[in-house]
Amino acid sequence: MSKATILEWFEENKNTYTKMAQDIWDHPQTAYEEEYASGLQQKALEAEGFTIKQPIGGIETAFVAEYGQGKPIIGILGEFDALPGLSQTATPTKEEVNAGGPGHGCGHNLLGTAGVEAVVSLKNKMEKDGLAGTIRYYGCPAEEVLNGKTHMAKAGVFYDLDTALTWHPMTSNAPINRSMQSMVSIKFHFKGKPAHAAASPEAGRSALDSVEMMNIGVNYLREHVPDGTRMHYTITDGGLAPNIVPESATVWYFLRAGSKEEVEGILHRVKNIAKGAALMNETEVDSEILAFCYDTLPNDALNELMYHNMLESVPLEYTDEEQVFVESLAKSLPSAGKSFEELIPTSVSFHPYQPGVSIPGSTDVGDVSWITPTGMVTTTCAPVGTALHSWQATASFGTEIGYKGMHLAASTMALTAYDLLNNTDQILDKAKEEFDKLRDGKEYQAGI
Ligand SMILES: [Zn+2]
C-alpha cells in the first residue's frame, strides 16, 4: 500500500525531470566543467528543502544534497558529465549540433537526473509518513575521466553511508551482476635532446624513440598478464617536426584488470618497461597518474531488492512515433533488422553476481562500492546494439526512449531506498554482510 504513493508521485511529477534531463542534454559539458548541470540540480534540490554541501574536495561542480536526519543514511550517486566530440541531434541519422562539440553519449544527463528524481520523491514520502533516516544525492563530476568519485572519496563524503544505489543507461533492464574492471590512467613523459635530424642526428636523443620502444615492450608484456587485462595507449605528444629530433614525447596508457592489486602488478611492470626504454637511448622518463579507480563490487542483496522494485515500477511502454525512431536508428547499428520488441527490451531480469567475470570497462563507482555496499542496475535507454560513447547513444539519450528508461531507474532507486530506510527484512545487515565478505578485510585506499 505505502509504496503506491511513491509511484503516484512519479506519475504526477516525472515531466519535471524529463525537462531537467533534456535541459542537461541540451547543455553538454565535459569533466569538471559541468557548471550547468550541477547548478541546475543544486537549485532544484535546494528548492525541495535539501541542504547542499558544495564544493567537495575543492571541486566546484561536486556536491552533496541531504534531507532528513539520523540513521540509516542512504546515498544515491549521480553523474552529469558529457563526452568530447559526441555532439549529435536527437535524430536517427548522424548529424552534429555543434561540429566537434561535446555530447551526452554515455547518458549522464539521465544518470544524474534519475538520482535527483528519486531523492525528491523519497523526501515527499518521508515527509508524509514521518519516516526517520537520511537520504543523500551525490552530484559526482567527471566520471568519464574516472576520478570524480575518487576525489570525493578522499574528501570523506561516502564513509558514513549505510548503502549507495546507482544505475547506468543501457539497452536492458537488470541489476549489474558482474564486476567492472579496476583501471589506472597514466601518462609517461619522456625527455631527450633536440638536434637537427639531418645535420647532427648523432647529437640527438629522441624522446619519441623511447615512447616507441616502450610500446614495443608493453606489447610483449601482453602475453604475461592475467586473463582479461586490457592495455591501451595513445601518443599525445610525438615531437614537433620530422627534421627536429623530438626533445619531448608523451604516451598515455589505460591499464585495466579484474582487481586493483592486479592493476598494481601490471603497472609495476609497465613502469619498468618505461625505465628500460629511457635507458636504451639515454632519455629521461617521468610518470603521472591521472586516475586509479577500483573494480566494482556487486552486492546481490541490494541488486535483488532493486530487481523486485523494478518489477513493481510502471513497465515501459512506447508510442508509434518512438517505435519509428528506434527502427530507423537501428539501421545504423549491428542490430539492424531486429523487431522493435527485440531492440527495446521491456522485460526485467536478475542473475546473481558472477565472481571472476569482469565487464571490460571501468567506472569510478568502483571506489564507492569498496567503501559502502552499492547496488547498481541498468535500464533500457537505447536500442540493443547501441554502443555507449557513440552518436547513436547521444541521439537516444535525448529522446523519450532515454527518458522512459530514466524514470524506470529513478522509481527503482526510490522504492529500494524506501525499503532500505525501513530496513525491510534486515536488508541493511544482509547487504553489509555480503560487502564485508567480498571485501575480505581490505580497506579502501584512494588510488590518487
Ligand atoms: Zn557512463
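Okay, let's start with a lysine: at 8% relative accessibility, Lys260 counts as buried, where buried means under 20% relative accessible area, exposed means over 50%, and partly exposed is in between, using a 1.4 Å probe and protein chains only. Before I go on, this is a predicted model, so local features need pLDDT of at least 70 and side-chain atom pairs count only at pLDDT 80 or more, while totals for chains, interfaces and linings use all residues. Residues are numbered from 1 along each chain as its sequence is written, and side-chain values use heavy atoms, with hydrogens and water left out.

Back to the lysine. Lys260 sits in helix α6, residues 260–280. Helices here are DSSP runs of H or I with at least four residues, strands are runs of E with at least two, and both are numbered from the N terminus. Who does Lys260 touch? Setting aside neighbours within four places in sequence, Lys260 is in contact with Ser182, Phe292, Tyr294, Asp295, Gln445 and Gly447. Contact, by the way, means heavy atoms within 4.5 Å.

If you follow the chain past α6, you get to Glu282, in the loop between α6 and β11 (284–293). Glu282 has a positive phi of about 60°, although it is not a glycine. Most residues other than glycine have a negative phi, and most peptide bonds are trans. Is Glu282 buried or exposed? At 56% relative accessibility, Glu282 counts as exposed.

Tyr32 is another non-glycine with a positive phi, about 65° this time. You'll find Tyr32 in the loop between α1 and α2, and at 29% relative accessibility Tyr32 counts as partly exposed.

That brings us to those two helices. Two packed helices are described by the angle between their axes and the distance between the axes. For α1 (residues 4–26) and α2 (residues 35–47), the axes come within 9 Å and cross at roughly 160°. The axes are lines fitted to C-alpha atoms, for helices over the stretch in contact, with angles running from 0 to 180 degrees between N-to-C directions. So α1 is roughly antiparallel to α2; angles under 35 degrees count as roughly parallel, over 145 as roughly antiparallel, 65 to 115 as roughly perpendicular, and the rest as oblique. The crossing of α1 past α2 is right-handed, meaning the near helix is turned clockwise from the far one by less than a right angle, with anticlockwise being left-handed. On the α1 side the contact is made by Met20, Asp23 and Ile24, and on the α2 side by Tyr36, Ala37, Leu40, Gln41 and Ala44. Those residues divide into 6 nonpolar, 1 polar and 1 charged.

Next pair: helix α3 (residues 108–129) and α12. Their axes come within 8 Å and cross at roughly 40°, so α3 is oblique to α12. This crossing is right-handed too. The residues that meet include Leu110, Ala114 and Leu122 in α3, and Met406, Ala410 and Leu421 in α12. By class, the contact of α3 with α12 has 13 nonpolar, 6 polar and 3 charged residues.

While we're on α12, which spans residues 400–422, Thr412 lies in it. Thr412 is buried, at a relative accessible area of 0%. Beyond residues up to four places away in sequence, Thr412 touches Met306, Asn309, Met310 and Ser313.

Now the metal. Which protein atoms are the donors of the zinc ion? They're Cys106 (SG), His108 (NE2) and His168 (NE2), lying 2.1 to 2.2 Å from the zinc. Donors are N, O and S atoms within 2.8 Å of the metal, or 3.2 Å for Na, K and Ca, and water is not among the atoms, so sites may look incomplete. Along the chain, the spacing is C-x1-H-x59-H. Cys106 counts as buried at 6% relative accessibility, and His108 is buried at 0%.

Last, some prolines. The peptide bond from Gln54 to Pro55 is cis, with omega near -5°, and Pro55 is in the loop between β1 (51–53) and β2 (63–69). Lys71 and Pro72 are also joined by a cis peptide bond, with omega about -10°, and Pro72 is in the loop between β2 and β3 (73–79).

Key:
Nonpolar A, V, L, I, M, F, W, Y, C, P; charged D, E, K, R; others polar.
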